[in-house]
Structure formats: structure tokens, C-alpha cells
Amino acid sequence: MDDNAVRRPICIEVTDKDLPLHCPTPAMALWNSHPRVFLDIERTGEAMCPYCGTRFSYQGEGRHQGH
């Protein structure tokens, strides 16, 4: 198998304007969509879509602060 043919999940940075976060996002292609799922990203600062594996990283004002 060609290494270039392997698709790795992408990571998308999101801000407060993207909340509430859901996947697929409006920027994703319609032909590549799946059922909409809302993702709780504010609690941990990261989320992953259970359908397509897209990873999200929260860069907003309320950004998660570690303990």
C-alpha cells in the first residue's frame, strides 16, 4: 500500500465562534458528511469525532487550563 494513500485524521483548531462544536462542520464537503454529532470540547480542550476521526483543538477564550 502506498504511504501517500493512507489518510490520517486531520486536526482542526476551533475558537469560541465555532461553539457549540459539531462535526461535520459547515466547511466540510457535503459528499463526505455523516450524521451530525455535537462534541464537548470546552471541558478538556480536545475532542475527536466518533464517525470520521477528525480531531479538534480548542483555542478559545475559555481554553481549558490544566490542574
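Pro20 lies in the loop between strand 1 and strand 2, the latter spanning residues 22-23, where strands are DSSP runs of E of at least two residues, numbered from the N terminus. The structure is a predicted model, in which local features need pLDDT of at least 70 and side-chain atom pairs count only at pLDDT 80 or more, while totals for chains, interfaces and linings use all residues. Residues are numbered from 1 along each chain as its sequence is written, and side-chain values use heavy atoms, with hydrogens and water left out. The peptide bond that joins Leu19 and Pro20 is cis, with omega at about -5°. A cis bond, with omega of about 5°, also joins Cys23 and Pro24, and Pro24 is found in the loop between strand 2 and strand 3, which covers residues 37-38.

Pro24 counts as buried because its relative accessibility is 15%, the term buried being used for under 20% relative accessible area, exposed for over 50%, and partly exposed for values in between, with a 1.4 Å probe and protein chains only. Although Pro24 and Cys49 are 25 residues apart in sequence, their C-alpha atoms are 8.5 Å apart in space. Leu19, in turn, is 39 residues away from Tyr58 along the chain, and the C-alpha atoms of these two residues are separated by 9.7 Å. Tyr58 belongs to strand 5 and is buried, with a relative accessible area of 2%. Of the 67 residues of the protein, 28% count as buried.

Taken from the N terminus on, the elements of the protein run β-β-β-β-β, that is, five strands and zero helices (a helix being a DSSP run of H or I of at least four residues). Three of the strands form an open sheet in the order 1-5-4, and the pairing within this sheet is mixed; two strands are taken to pair if DSSP finds at least two bridges between them. Strand 1 (11-14) and strand 4 (46-48) stand at the edges of the sheet and have a single partner strand each, so one side of each is left without a neighbour in the sheet. From one strand to the next, the twist averages 20°, where axes are lines fitted to C-alpha atoms and angles run from 0 to 180 degrees between N-to-C directions.

Strand 1 and strand 5, the latter made of residues 55-58, pair in the parallel sense over four bridges, and within this part of the sheet Ile12 stands opposite Phe56 in strand 5. Strand 4 and strand 5, by contrast, run antiparallel and are joined by three bridges, with Arg55 in strand 5 as the bridge partner of Met48. The hairpin of strand 4 and strand 5 has six residues between the strands, and there Gly53 takes a positive phi near 80°.

A pocket is here an open set of points on a 1 Å grid over the protein atoms alone, where a 1.4 Å probe fits, with protein on both sides within 12 Å along at least five of seven lines, and lining residues have an atom within 4 Å of a point. The volume of this second largest pocket is about 150 Å³, a volume being the space filled by probe spheres set on the grid points, which are joined across faces, edges and corners. Strand 1 provides the largest share of the lining of the second largest pocket, namely three residues. The lining divides into seven nonpolar, two polar and two charged residues, where Ala, Val, Leu, Ile, Met, Phe, Trp, Tyr, Cys and Pro count as nonpolar, Asp, Glu, Lys and Arg as charged, and the others, Gly among them, as polar.

Asp18 counts as partly exposed at 27% relative accessibility, whereas Lys17 counts as exposed at 73%. By this rule the count comes to two salt bridges, and in the other one the side chains of Arg43 and Asp40 meet at 3.1 Å, N to O. Arg43 counts as exposed at 58% relative accessibility, while Asp40 is partly exposed, with a relative accessible area of 44%.

How values were computed
Salt bridge = Lys/Arg side-chain N within 4 Å of Asp/Glu carboxyl O.
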